[in-house]
Amino acid sequence: MAARGQRRGRRVWRWVRRLVLYPLLALILVVAGTVAWVQATIYRAPDPETRPLALTGATVLVGPDLEPLTGATVLVRGGRVAQVGPAGEVTVPEDARVIDLAGATVLPGLVDSHAHLLAPSGTNAVTSIASWANHYFRYAAARREAYLQHGITSVRSMGDDPQWVLELRRRVDAGELAGPRVFAAGPVFTTPNGHPVVTLGGSTEDPGVRVPSTPEEARAQVRELATGEHPVDLVKVIQERGDPARLVMDPIPLPVLEAIVDEAHAHDIPVFAHWGTQEDLTDVLEAGVDGLDHLEPRGTADGWDPDLLARVVADGVTLAPTFAVMEPKMRDTLLPTQQERFAEFLDAGGRPVAGSDAPMNGLEFGASLLHELELMVEAGASPRQALRAATSTAAEVLRSDEIGVIEEGRPADLLVVDGDPLTDITAVKQVLLVLRDGTQVVDHLP
(Lines give C-alpha, C1' and ligand atoms only; values in the text may rest on other atoms or scores of the structure.)
Protein backbone atom coordinates (compact mmCIF):
# COMPACT_ATOMS: atom_id res chain seq x y z
CA MET A 1 0.00 0.00 0.00
CA ALA A 2 2.76 2.39 0.94
CA ALA A 3 4.58 1.75 -2.36
CA ARG A 4 1.36 2.29 -4.33
CA GLY A 5 0.81 5.58 -2.49
CA GLN A 6 4.34 6.70 -3.24
CA ARG A 7 3.90 5.93 -6.95
CA ARG A 8 0.62 7.84 -6.99
CA GLY A 9 2.31 10.77 -5.28
CA ARG A 10 5.11 10.81 -7.83
CA ARG A 11 2.60 10.80 -10.69
CA VAL A 12 0.70 13.71 -9.15
CA TRP A 13 3.95 15.63 -8.67
CA ARG A 14 4.91 15.04 -12.32
CA TRP A 15 1.58 16.45 -13.46
CA VAL A 16 1.93 19.43 -11.14
CA ARG A 17 5.35 20.16 -12.59
CA ARG A 18 4.10 19.81 -16.17
CA LEU A 19 0.89 21.80 -15.78
CA VAL A 20 1.90 24.42 -13.21
CA LEU A 21 5.56 24.74 -12.34
CA TYR A 22 7.12 24.49 -15.82
CA PRO A 23 4.61 26.93 -17.43
CA LEU A 24 5.07 29.27 -14.48
CA LEU A 25 8.85 29.11 -14.82
CA ALA A 26 8.59 29.74 -18.58
CA LEU A 27 6.31 32.70 -17.94
CA ILE A 28 8.75 34.15 -15.39
CA LEU A 29 11.63 33.79 -17.86
CA VAL A 30 9.62 35.44 -20.65
CA VAL A 31 8.58 38.34 -18.42
CA ALA A 32 12.12 38.81 -17.10
CA GLY A 33 13.55 38.70 -20.60
CA THR A 34 10.96 41.16 -21.89
CA VAL A 35 11.62 43.58 -19.04
CA ALA A 36 15.37 43.37 -19.63
CA TRP A 37 14.94 43.91 -23.38
CA VAL A 38 12.60 46.88 -22.88
CA GLN A 39 15.02 48.49 -20.45
CA ALA A 40 17.89 47.97 -22.90
CA THR A 41 16.04 49.44 -25.88
CA ILE A 42 13.98 52.21 -24.30
CA TYR A 43 16.41 54.87 -25.62
CA ARG A 44 17.17 56.77 -22.47
CA ALA A 45 18.49 60.30 -22.43
CA PRO A 46 22.26 60.64 -21.95
CA ASP A 47 23.64 62.40 -18.90
CA PRO A 48 23.51 66.19 -19.39
CA GLU A 49 26.70 67.88 -20.57
CA THR A 50 28.38 69.61 -17.62
CA ARG A 51 31.31 71.28 -19.39
CA PRO A 52 30.88 74.35 -21.59
CA LEU A 53 30.86 73.50 -25.29
CA ALA A 54 32.21 75.77 -28.04
CA LEU A 55 31.26 75.16 -31.68
CA THR A 56 33.80 77.13 -33.70
CA GLY A 57 34.51 78.07 -37.30
CA ALA A 58 31.04 77.33 -38.65
CA THR A 59 28.44 79.37 -40.49
CA VAL A 60 25.68 79.90 -37.92
CA LEU A 61 22.11 80.73 -38.99
CA VAL A 62 21.02 83.20 -36.33
CA GLY A 63 17.74 84.86 -35.45
CA PRO A 64 14.25 84.22 -36.83
CA ASP A 65 15.38 85.00 -40.39
CA LEU A 66 18.28 82.52 -40.24
CA GLU A 67 20.86 85.14 -41.16
CA PRO A 68 24.22 83.47 -41.90
CA LEU A 69 27.09 84.46 -39.64
CA THR A 70 30.31 83.06 -41.07
CA GLY A 71 33.31 81.95 -39.04
CA ALA A 72 31.21 82.16 -35.91
CA THR A 73 31.32 80.55 -32.48
CA VAL A 74 28.40 79.20 -30.49
CA LEU A 75 29.11 78.82 -26.78
CA VAL A 76 26.80 76.41 -24.95
CA ARG A 77 26.63 76.38 -21.18
CA GLY A 78 24.08 74.68 -18.92
CA GLY A 79 22.09 73.41 -21.88
CA ARG A 80 21.53 76.87 -23.35
CA VAL A 81 23.18 79.14 -25.86
CA ALA A 82 25.37 81.40 -23.73
CA GLN A 83 26.92 83.40 -26.57
CA VAL A 84 26.86 83.43 -30.36
CA GLY A 85 28.86 85.71 -32.59
CA PRO A 86 32.10 86.23 -34.50
CA ALA A 87 34.98 84.22 -33.09
CA GLY A 88 36.73 87.26 -31.65
CA GLU A 89 33.65 88.36 -29.73
CA VAL A 90 32.92 85.10 -27.92
CA THR A 91 34.97 84.22 -24.85
CA VAL A 92 35.63 80.49 -24.75
CA PRO A 93 36.32 79.22 -21.19
CA GLU A 94 39.51 77.24 -20.62
CA ASP A 95 37.55 74.18 -19.52
CA ALA A 96 35.32 74.19 -22.56
CA ARG A 97 35.16 71.35 -25.03
CA VAL A 98 35.90 72.86 -28.44
CA ILE A 99 34.66 71.39 -31.73
CA ASP A 100 36.02 72.86 -34.96
CA LEU A 101 33.24 72.95 -37.57
CA ALA A 102 34.91 74.70 -40.48
CA GLY A 103 32.84 74.17 -43.62
CA ALA A 104 29.74 73.21 -41.66
CA THR A 105 26.51 75.06 -40.90
CA VAL A 106 24.87 75.32 -37.48
CA LEU A 107 21.12 75.88 -37.54
CA PRO A 108 18.27 75.45 -35.07
CA GLY A 109 17.01 71.93 -34.53
CA LEU A 110 14.17 71.25 -36.96
CA VAL A 111 10.47 70.99 -36.11
CA ASP A 112 8.14 68.41 -37.67
CA SER A 113 4.81 70.22 -37.44
CA HIS A 114 2.61 67.24 -38.26
CA ALA A 115 3.17 63.74 -36.95
CA HIS A 116 1.36 60.92 -35.14
CA LEU A 117 3.77 59.31 -32.71
CA LEU A 118 1.61 56.36 -31.68
CA ALA A 119 -0.06 55.56 -35.04
CA PRO A 120 0.90 52.20 -36.58
CA SER A 121 3.77 52.50 -39.02
CA GLY A 122 4.12 51.14 -42.52
CA THR A 123 1.52 50.98 -45.26
CA ASN A 124 -0.57 48.45 -43.33
CA ALA A 125 -2.47 50.12 -40.51
CA VAL A 126 -3.12 46.81 -38.74
CA THR A 127 -0.44 45.65 -36.32
CA SER A 128 -0.40 42.79 -33.87
CA ILE A 129 -1.41 43.36 -30.29
CA ALA A 130 2.04 42.26 -29.11
CA SER A 131 3.79 44.70 -31.44
CA TRP A 132 1.53 47.57 -30.43
CA ALA A 133 1.93 46.85 -26.73
CA ASN A 134 5.70 46.70 -27.05
CA HIS A 135 5.69 49.97 -28.98
CA TYR A 136 3.37 51.57 -26.44
CA PHE A 137 5.40 50.71 -23.37
CA ARG A 138 8.71 51.72 -24.89
CA TYR A 139 7.24 55.14 -25.78
CA ALA A 140 8.14 55.01 -29.45
CA ALA A 141 11.87 54.53 -28.87
CA ALA A 142 12.73 53.94 -32.54
CA ARG A 143 10.70 56.94 -33.62
CA ARG A 144 12.30 59.24 -31.06
CA GLU A 145 15.74 58.10 -32.16
CA ALA A 146 14.92 58.52 -35.86
CA TYR A 147 13.88 62.11 -35.28
CA LEU A 148 17.08 63.02 -33.47
CA GLN A 149 19.22 61.21 -36.03
CA HIS A 150 17.76 63.53 -38.69
CA GLY A 151 18.23 66.72 -36.68
CA ILE A 152 14.60 67.09 -35.69
CA THR A 153 14.47 68.24 -32.09
CA SER A 154 10.77 69.15 -31.80
CA VAL A 155 7.58 67.45 -32.96
CA ARG A 156 3.99 68.66 -33.14
CA SER A 157 1.84 65.63 -32.28
CA MET A 158 -1.38 66.07 -34.26
CA GLY A 159 -3.57 63.40 -32.73
CA ASP A 160 -2.39 60.67 -30.38
CA ASP A 161 -3.81 58.92 -27.34
CA PRO A 162 -3.72 61.85 -24.88
CA GLN A 163 -2.63 59.93 -21.80
CA TRP A 164 0.16 58.23 -23.73
CA VAL A 165 1.54 61.26 -25.55
CA LEU A 166 1.38 63.57 -22.54
CA GLU A 167 3.25 61.01 -20.45
CA LEU A 168 5.81 60.73 -23.24
CA ARG A 169 6.17 64.51 -23.24
CA ARG A 170 6.65 64.51 -19.46
CA ARG A 171 9.32 61.81 -19.55
CA VAL A 172 11.24 63.52 -22.36
CA ASP A 173 11.02 66.89 -20.59
CA ALA A 174 12.23 65.29 -17.36
CA GLY A 175 15.29 63.88 -19.11
CA GLU A 176 14.25 60.27 -18.56
CA LEU A 177 13.97 59.53 -22.29
CA ALA A 178 15.90 60.84 -25.27
CA GLY A 179 13.87 62.42 -28.01
CA PRO A 180 12.51 65.58 -29.54
CA ARG A 181 10.42 68.03 -27.58
CA VAL A 182 6.77 67.06 -27.91
CA PHE A 183 4.06 69.66 -28.52
CA ALA A 184 0.87 67.67 -28.15
CA ALA A 185 -2.69 68.18 -29.29
CA GLY A 186 -3.81 65.03 -27.51
CA PRO A 187 -7.28 64.20 -28.87
CA VAL A 188 -8.76 65.70 -32.05
CA PHE A 189 -12.11 67.44 -32.31
CA THR A 190 -14.44 65.93 -34.90
CA THR A 191 -18.01 64.63 -35.33
CA PRO A 192 -19.64 61.18 -34.97
CA ASN A 193 -19.70 60.98 -38.78
CA GLY A 194 -16.32 62.57 -39.32
CA HIS A 195 -12.66 61.70 -39.76
CA PRO A 196 -11.11 59.61 -38.19
CA VAL A 197 -14.22 57.97 -36.71
CA VAL A 198 -15.69 56.73 -40.00
CA THR A 199 -12.48 56.67 -42.06
CA LEU A 200 -10.19 54.67 -39.78
CA GLY A 201 -12.79 52.51 -38.06
CA GLY A 202 -12.67 54.42 -34.81
CA SER A 203 -15.31 55.17 -32.21
CA THR A 204 -16.62 58.29 -30.54
CA GLU A 205 -15.55 56.64 -27.28
CA ASP A 206 -11.89 56.49 -28.29
CA PRO A 207 -9.66 58.60 -26.01
CA GLY A 208 -8.11 60.24 -29.07
CA VAL A 209 -11.30 62.01 -30.22
CA ARG A 210 -13.75 64.58 -28.87
CA VAL A 211 -17.19 65.01 -30.43
CA PRO A 212 -18.95 67.94 -28.73
CA SER A 213 -22.51 68.55 -29.88
CA THR A 214 -23.02 72.04 -28.43
CA PRO A 215 -20.85 75.14 -27.96
CA GLU A 216 -21.08 74.70 -24.19
CA GLU A 217 -19.89 71.12 -24.37
CA ALA A 218 -17.07 72.18 -26.70
CA ARG A 219 -15.88 74.85 -24.26
CA ALA A 220 -15.95 72.42 -21.35
CA GLN A 221 -13.89 69.85 -23.25
CA VAL A 222 -11.29 72.43 -24.29
CA ARG A 223 -11.06 73.74 -20.72
CA GLU A 224 -10.45 70.22 -19.46
CA LEU A 225 -7.59 69.75 -21.92
CA ALA A 226 -6.14 73.20 -21.26
CA THR A 227 -6.26 73.22 -17.47
CA GLY A 228 -5.66 69.61 -16.46
CA GLU A 229 -2.60 68.32 -14.64
CA HIS A 230 -0.88 67.85 -18.00
CA PRO A 231 -2.39 70.46 -20.34
CA VAL A 232 -2.16 70.15 -24.10
CA ASP A 233 0.03 72.51 -26.13
CA LEU A 234 -2.39 72.95 -29.02
CA VAL A 235 -5.83 71.94 -30.25
CA LYS A 236 -6.59 70.16 -33.52
CA VAL A 237 -9.97 70.38 -35.23
CA ILE A 238 -11.06 68.27 -38.18
CA GLN A 239 -13.39 70.18 -40.47
CA GLU A 240 -13.93 67.67 -43.22
CA ARG A 241 -16.91 67.21 -45.54
CA GLY A 242 -15.27 64.37 -47.42
CA ASP A 243 -15.53 63.48 -51.07
CA PRO A 244 -19.08 63.20 -52.56
CA ALA A 245 -17.84 60.51 -54.95
CA ARG A 246 -16.49 58.31 -52.14
CA LEU A 247 -17.53 59.23 -48.61
CA VAL A 248 -19.51 62.19 -47.34
CA MET A 249 -18.72 63.25 -43.78
CA ASP A 250 -20.23 65.69 -41.34
CA PRO A 251 -18.24 68.81 -40.44
CA ILE A 252 -18.30 70.38 -36.99
CA PRO A 253 -21.23 72.85 -36.81
CA LEU A 254 -19.86 76.38 -37.08
CA PRO A 255 -21.07 77.56 -33.63
CA VAL A 256 -19.35 74.54 -32.04
CA LEU A 257 -16.20 75.12 -34.07
CA GLU A 258 -16.11 78.79 -33.07
CA ALA A 259 -16.52 77.82 -29.40
CA ILE A 260 -13.57 75.40 -29.62
CA VAL A 261 -11.28 78.03 -31.10
CA ASP A 262 -12.43 80.82 -28.82
CA GLU A 263 -11.98 78.75 -25.66
CA ALA A 264 -8.54 77.54 -26.77
CA HIS A 265 -7.43 81.11 -27.46
CA ALA A 266 -8.73 82.15 -24.04
CA HIS A 267 -6.11 79.75 -22.64
CA ASP A 268 -3.41 80.99 -25.05
CA ILE A 269 -3.47 77.71 -26.97
CA PRO A 270 -3.21 77.74 -30.79
CA VAL A 271 -5.66 75.82 -32.96
CA PHE A 272 -4.79 73.94 -36.16
CA ALA A 273 -7.28 72.62 -38.67
CA HIS A 274 -7.36 69.56 -40.89
CA TRP A 275 -9.56 70.63 -43.82
CA GLY A 276 -10.51 69.39 -47.24
CA THR A 277 -12.93 71.55 -49.26
CA GLN A 278 -13.29 75.28 -49.77
CA GLU A 279 -16.39 75.14 -47.57
CA ASP A 280 -14.24 73.64 -44.84
CA LEU A 281 -11.67 76.38 -45.36
CA THR A 282 -14.35 79.04 -45.09
CA ASP A 283 -15.52 77.58 -41.78
CA VAL A 284 -12.11 77.34 -40.13
CA LEU A 285 -11.16 80.86 -41.19
CA GLU A 286 -14.44 82.16 -39.84
CA ALA A 287 -13.72 80.38 -36.56
CA GLY A 288 -10.25 81.97 -36.37
CA VAL A 289 -7.84 79.02 -36.48
CA ASP A 290 -4.10 79.65 -36.36
CA GLY A 291 -2.95 77.11 -38.92
CA LEU A 292 -4.06 74.85 -41.75
CA ASP A 293 -2.81 71.29 -42.18
CA HIS A 294 -2.75 69.59 -45.59
CA LEU A 295 -3.25 71.07 -49.04
CA GLU A 296 -5.63 68.53 -50.50
CA PRO A 297 -6.80 68.65 -54.14
CA ARG A 298 -10.49 68.75 -53.16
CA GLY A 299 -10.02 72.26 -51.85
CA THR A 300 -7.70 73.94 -54.32
CA ALA A 301 -6.96 71.73 -57.35
CA ASP A 302 -8.99 74.10 -59.53
CA GLY A 303 -7.36 77.15 -57.95
CA TRP A 304 -7.61 79.18 -54.77
CA ASP A 305 -10.67 81.23 -54.11
CA PRO A 306 -8.99 84.68 -54.26
CA ASP A 307 -10.92 86.00 -51.27
CA LEU A 308 -10.08 82.95 -49.15
CA LEU A 309 -6.39 83.07 -50.04
CA ALA A 310 -6.27 86.76 -49.25
CA ARG A 311 -7.88 86.10 -45.88
CA VAL A 312 -5.45 83.27 -45.06
CA VAL A 313 -2.54 85.62 -45.70
CA ALA A 314 -4.08 88.66 -43.98
CA ASP A 315 -4.87 86.65 -40.86
CA GLY A 316 -1.36 85.19 -40.72
CA VAL A 317 -2.70 81.64 -40.82
CA THR A 318 0.08 79.13 -41.43
CA LEU A 319 -0.10 76.24 -43.90
CA ALA A 320 1.56 72.83 -43.59
CA PRO A 321 1.09 71.37 -47.08
CA THR A 322 2.32 67.86 -46.11
CA PHE A 323 3.46 67.08 -49.65
CA ALA A 324 5.44 64.05 -48.46
CA VAL A 325 2.30 62.16 -47.46
CA MET A 326 0.64 63.00 -50.80
CA GLU A 327 3.59 61.96 -52.95
CA PRO A 328 3.27 58.14 -52.71
CA LYS A 329 -0.17 58.27 -54.33
CA MET A 330 -0.09 61.52 -56.33
CA ARG A 331 3.50 61.99 -57.54
CA ASP A 332 2.58 62.03 -61.24
CA THR A 333 -1.02 63.20 -60.96
CA LEU A 334 -2.18 65.89 -58.54
CA LEU A 335 0.99 66.60 -56.57
CA PRO A 336 2.41 69.00 -59.22
CA THR A 337 -0.90 70.87 -59.23
CA GLN A 338 -0.86 71.24 -55.46
CA GLN A 339 2.73 72.42 -55.58
CA GLU A 340 1.54 75.17 -57.94
CA ARG A 341 -1.14 76.11 -55.39
CA PHE A 342 1.56 76.25 -52.72
CA ALA A 343 3.66 78.56 -54.91
CA GLU A 344 0.63 80.84 -55.23
CA PHE A 345 0.27 80.79 -51.45
CA LEU A 346 3.90 81.85 -51.09
CA ASP A 347 3.61 84.54 -53.76
CA ALA A 348 0.64 85.99 -51.90
CA GLY A 349 2.76 86.29 -48.74
CA GLY A 350 1.63 83.13 -46.96
CA ARG A 351 3.46 81.64 -43.97
CA PRO A 352 4.37 77.97 -44.44
CA VAL A 353 5.33 75.44 -41.81
CA ALA A 354 6.78 72.00 -42.53
CA GLY A 355 5.05 68.80 -41.50
CA SER A 356 5.40 65.22 -42.70
CA ASP A 357 2.26 63.42 -41.41
CA ALA A 358 4.44 60.40 -40.61
CA PRO A 359 3.78 57.50 -40.44
CA MET A 360 0.82 57.76 -42.82
CA ASN A 361 1.32 56.21 -46.27
CA GLY A 362 4.37 54.44 -44.89
CA LEU A 363 6.41 57.59 -44.25
CA GLU A 364 9.56 57.18 -42.19
CA PHE A 365 9.97 59.33 -39.12
CA GLY A 366 12.65 61.97 -39.50
CA ALA A 367 13.61 61.32 -43.11
CA SER A 368 10.15 62.28 -44.36
CA LEU A 369 10.41 65.77 -42.86
CA LEU A 370 13.71 66.37 -44.68
CA HIS A 371 12.05 65.18 -47.89
CA GLU A 372 9.16 67.54 -47.22
CA LEU A 373 11.64 70.42 -47.26
CA GLU A 374 12.89 69.23 -50.66
CA LEU A 375 9.32 69.08 -51.99
CA MET A 376 8.62 72.60 -50.71
CA VAL A 377 11.68 73.91 -52.52
CA GLU A 378 10.68 71.96 -55.62
CA ALA A 379 7.33 73.76 -55.41
CA GLY A 380 8.95 77.18 -55.43
CA ALA A 381 10.00 77.96 -51.87
CA SER A 382 13.51 79.25 -51.38
CA PRO A 383 15.73 77.11 -49.13
CA ARG A 384 15.51 79.86 -46.52
CA GLN A 385 11.69 79.79 -46.64
CA ALA A 386 11.70 76.03 -46.27
CA LEU A 387 14.13 76.16 -43.35
CA ARG A 388 12.12 78.86 -41.62
CA ALA A 389 9.04 76.71 -42.10
CA ALA A 390 10.80 74.01 -40.08
CA THR A 391 12.30 76.33 -37.44
CA SER A 392 11.32 79.90 -36.53
CA THR A 393 7.86 80.02 -38.13
CA ALA A 394 6.96 76.70 -36.52
CA ALA A 395 8.09 78.08 -33.16
CA GLU A 396 6.19 81.32 -33.62
CA VAL A 397 2.85 79.68 -34.37
CA LEU A 398 3.35 77.30 -31.41
CA ARG A 399 3.93 80.42 -29.27
CA SER A 400 7.21 78.97 -28.04
CA ASP A 401 10.36 80.96 -27.32
CA GLU A 402 12.27 77.75 -26.56
CA ILE A 403 12.72 76.35 -30.07
CA GLY A 404 13.37 77.30 -33.68
CA VAL A 405 15.87 80.16 -33.24
CA ILE A 406 19.53 80.37 -32.29
CA GLU A 407 19.94 83.23 -29.86
CA GLU A 408 21.41 83.76 -26.43
CA GLY A 409 19.33 82.29 -23.62
CA ARG A 410 17.44 79.75 -25.69
CA PRO A 411 17.92 76.00 -25.20
CA ALA A 412 20.75 74.66 -27.34
CA ASP A 413 18.71 72.41 -29.62
CA LEU A 414 21.11 72.58 -32.56
CA LEU A 415 21.68 70.82 -35.86
CA VAL A 416 25.08 70.84 -37.55
CA VAL A 417 25.21 69.85 -41.22
CA ASP A 418 27.95 69.55 -43.80
CA GLY A 419 27.50 72.23 -46.47
CA ASP A 420 25.18 75.20 -46.90
CA PRO A 421 21.43 74.46 -46.72
CA LEU A 422 20.65 78.07 -47.70
CA THR A 423 21.92 77.32 -51.19
CA ASP A 424 21.22 73.57 -51.33
CA ILE A 425 18.37 72.29 -49.20
CA THR A 426 19.65 68.71 -49.49
CA ALA A 427 22.51 69.69 -47.18
CA VAL A 428 20.11 69.12 -44.26
CA LYS A 429 20.57 65.41 -44.92
CA GLN A 430 24.30 65.64 -44.20
CA VAL A 431 23.95 65.54 -40.43
CA LEU A 432 27.20 65.89 -38.52
CA LEU A 433 26.06 66.69 -35.02
CA VAL A 434 22.82 67.14 -33.08
CA LEU A 435 22.52 68.76 -29.67
CA ARG A 436 19.44 68.50 -27.52
CA ASP A 437 19.43 70.87 -24.54
CA GLY A 438 23.14 71.33 -25.13
CA THR A 439 23.91 67.61 -24.86
CA GLN A 440 25.27 65.75 -27.85
CA VAL A 441 22.80 63.08 -28.95
CA VAL A 442 24.08 62.42 -32.49
CA ASP A 443 27.71 62.45 -33.61
CA HIS A 444 28.71 61.81 -37.22
CA LEU A 445 31.78 64.02 -37.15
CA PRO A 446 34.72 62.67 -39.15
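Is Phe-365 buried or exposed, and at what relative accessibility? At 8% relative accessibility, Phe-365 counts as buried, a term that stands for under 20% relative accessible area, with exposed meaning over 50% and partly exposed in between (1.4 Å probe, protein chains only). The model is predicted, so local features need pLDDT of at least 70 and side-chain atom pairs count only at pLDDT 80 or more, whereas totals for chains, interfaces and linings use all residues. Residues are numbered from 1 along each chain as its sequence is written, and side-chain values use heavy atoms, with hydrogens and water left out.

**View 1. Aromatic pair of Tyr-147 and Phe-365.** Rings of Phe, Tyr and Trp (its six-membered ring) pair if their centres lie within 6.5 Å, and planes under 30 degrees apart count as stacked, over 60 as edge-to-face and the rest as tilted; by this rule there are five aromatic pairs. One of them, Tyr-147 with Phe-365, is edge-to-face, at 5.6 Å centre to centre and 80° between the planes. Tyr-147 lies in helix α3 (residues 141-149) and Phe-365 in the loop between β17 (351-352) and α12 (367-378), so the pair ties together parts that are 218 residues apart in sequence; helices (H or I, at least four residues) and strands (E, at least two) are DSSP runs, numbered from the N terminus. Tyr-147 is buried as well, at 0% relative accessibility.

**View 2. Stacked rings of Phe-342 and Phe-345.** Their centres are 6.1 Å apart and their planes at 25°, so the pair is stacked.
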